[in-house]
Amino acid sequence: MAIDPIAFPLPDAPRTRLRSPEWARLLLTNPKSCFGIVVFGGIVLAALLAPVIAQNPPDEIVALPGLSPSREYWFGTTDQGYDVFAQVIWGARISLAVGAAAAVISTAIAATLGMVSAFVGGWVDDAINTVINIFIVIPALPLLIVVYSFLPTRGPVPMVLILGLTTWAVEARILRSQALSLRNRDFVQAAKVSGEGTWRIVFGEIMPNMVSRIAAGFLLVFYLSIIFAAGLEFLGFGDVNKITWGTTLYWAQNNSSVLQGAWWHFVFPGVALALSVAALVFINYGVDELANPRLRRRRKAAR
């Protein structure tokens, strides 16, 4: 008996379920990194929506000086009549941008020097190690103060360059040790035998196996750069005409806000700074699980 194929439709093919990347699942299932992502994402979103959230301009007098927090001025006003809430929201833009840009420069230098030093060896390794040791021994903040005091111009761009060029040494040492453990692996030796060049092996074979460690180093330098930039600006080494968290703290200290009882001028930018740094630290906990499978096994055993 002939069977009409139209009368008996074929069953639907099983649908493949889209799965999120493993690194995303590890970050989102870790309570610490999930908390950090939510907090830091909220801060970044507030900075991007500053024209909408902060109705008052941060660099114009909008009310009487020294007003305490109220329904109209959530974070109060400064001794000059500026809106502290607007300064905190707008200041997040430059503060976060400086930290991110400095972290990109520092991580690029650390990854390049660390991996090249481990793979090439010889006098190249000795020379890079000498430079790394010099930068590690010198304290970071005093070095930044000395270098920045000799600059003819001040602003976000010099701040980014100084932070990026002086905060790479510790991460370069860590990445060098990681690359040394990968240098004699089979896939690296196979790349050497096949005639691959040094840069191709370093960035095509070794670097993909160190992405999680590089990401952890990026987050480390990110929040350190935010702290160092705010510290330099608080000490008066930044451009005080720019609205950042550090310059807001500088004017609060310069106006003796705490002694006058105007605690809001000092507390709110400090809380924003602390929350950003804490959020990046919590995100780093999740990135540590990507780099160290033992931490994942410990969390599963605890559950």
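Analyst: Let's start with a term: a helix crossing is left-handed if the near helix is turned anticlockwise from the far one by less than a right angle, and right-handed if it is turned clockwise.

User: Okay! What kind of model is this, and how are the residues numbered?

Analyst: It's a predicted model, with residues numbered from 1 along each chain as its sequence is written. Local features need pLDDT of at least 70 and side-chain atom pairs count only at pLDDT 80 or more, while totals for chains, interfaces and linings use all residues, and side-chain values use heavy atoms, with hydrogens and water left out.

User: How many helices and strands does the protein have?

Analyst: There are 14 helices and 0 strands. Both are DSSP runs numbered from the N terminus: helices are H or I with at least four residues, strands are E with at least two.

User: And how much of the protein counts as buried?

Analyst: Of its 303 residues, 41% do. Buried means under 20% relative accessible area, exposed means over 50%, and partly exposed is in between (1.4 Å probe, protein chains only).

User: Which residues of H4 and H10 make the contact?

Analyst: From H4 you have Thr-112, Met-115, Val-116, Phe-119 and Val-120, and from H10 Thr-198, Trp-199, Ile-201, Val-202, Phe-203 and Ile-206. Contact means heavy atoms within 4.5 Å. By class, that's 9 nonpolar, 2 polar and no charged residues. For the classes, Ala, Val, Leu, Ile, Met, Phe, Trp, Tyr, Cys and Pro are nonpolar, Asp, Glu, Lys and Arg are charged, and the others, Gly among them, are polar.

User: At what angle do H4 and H10 pack, and how far apart are their axes?

Analyst: H4 (residues 84–120) and H10 (residues 198–206) pack at about 115 degrees, with axes 10 Å apart. The axes are lines fitted to C-alpha atoms, for helices over the stretch in contact, and angles between the N-to-C directions run from 0 to 180 degrees.

User: What about H11 and H12?

Analyst: H11 and H12 (residues 245–254) pack at about 30 degrees, and their axes are 7 Å apart. That crossing is right-handed. Ala-230, Glu-233 and Phe-234 of H11 meet Gly-246, Thr-247, Leu-249, Tyr-250 and Gln-253 of H12. These residues split into 4 nonpolar, 3 polar and 1 charged.

User: Thr-247, then: is it buried or exposed?

Analyst: Thr-247 is buried, with a relative accessible area of 2%. Leaving out residues up to four places away in sequence, Thr-247 touches Glu-233, Asp-239, Val-240 and Lys-242.

User: New topic. How many salt bridges does a search of the whole structure find?

Analyst: It finds 2. A salt bridge is a side-chain nitrogen of Lys or Arg within 4 Å of a carboxyl oxygen of Asp or Glu. One is between Asp-125 and Arg-176, at 2.9 Å from N to O. Asp-125 is in helix H5 (residues 122–137) and Arg-176 in helix H8 (residues 169–183), so this pair ties together parts 51 residues apart in sequence. Both Asp-125 and Arg-176 are buried.

User: Where are Arg-213 and Glu-171?

Analyst: Those two form a salt bridge as well, at 3.1 Å from N to O. Arg-213 is in helix H11 (residues 211–234) and Glu-171 in helix H8, 42 residues apart. Arg-213 and Glu-171 are both buried.

User: What relative accessible area does Phe-40 have?

Analyst: Phe-40 has 13% and is buried. Phe-222 counts as buried too, at 7%. Phe-222 also forms a tilted pair with Phe-218, 5.8 Å centre to centre with 50 degrees between the planes. Phe-218 itself is partly exposed, at 24%.

User: Which residues do ring pairs link into a cluster?

Analyst: Trp-74, Phe-75, Phe-85, Trp-263, Trp-264 and Phe-268.

Definitions and conventions:
Rings of Phe, Tyr and Trp (its six-membered ring) pair if their centres lie within 6.5 Å; planes under 30 degrees apart count as stacked, over 60 as edge-to-face and the rest as tilted.
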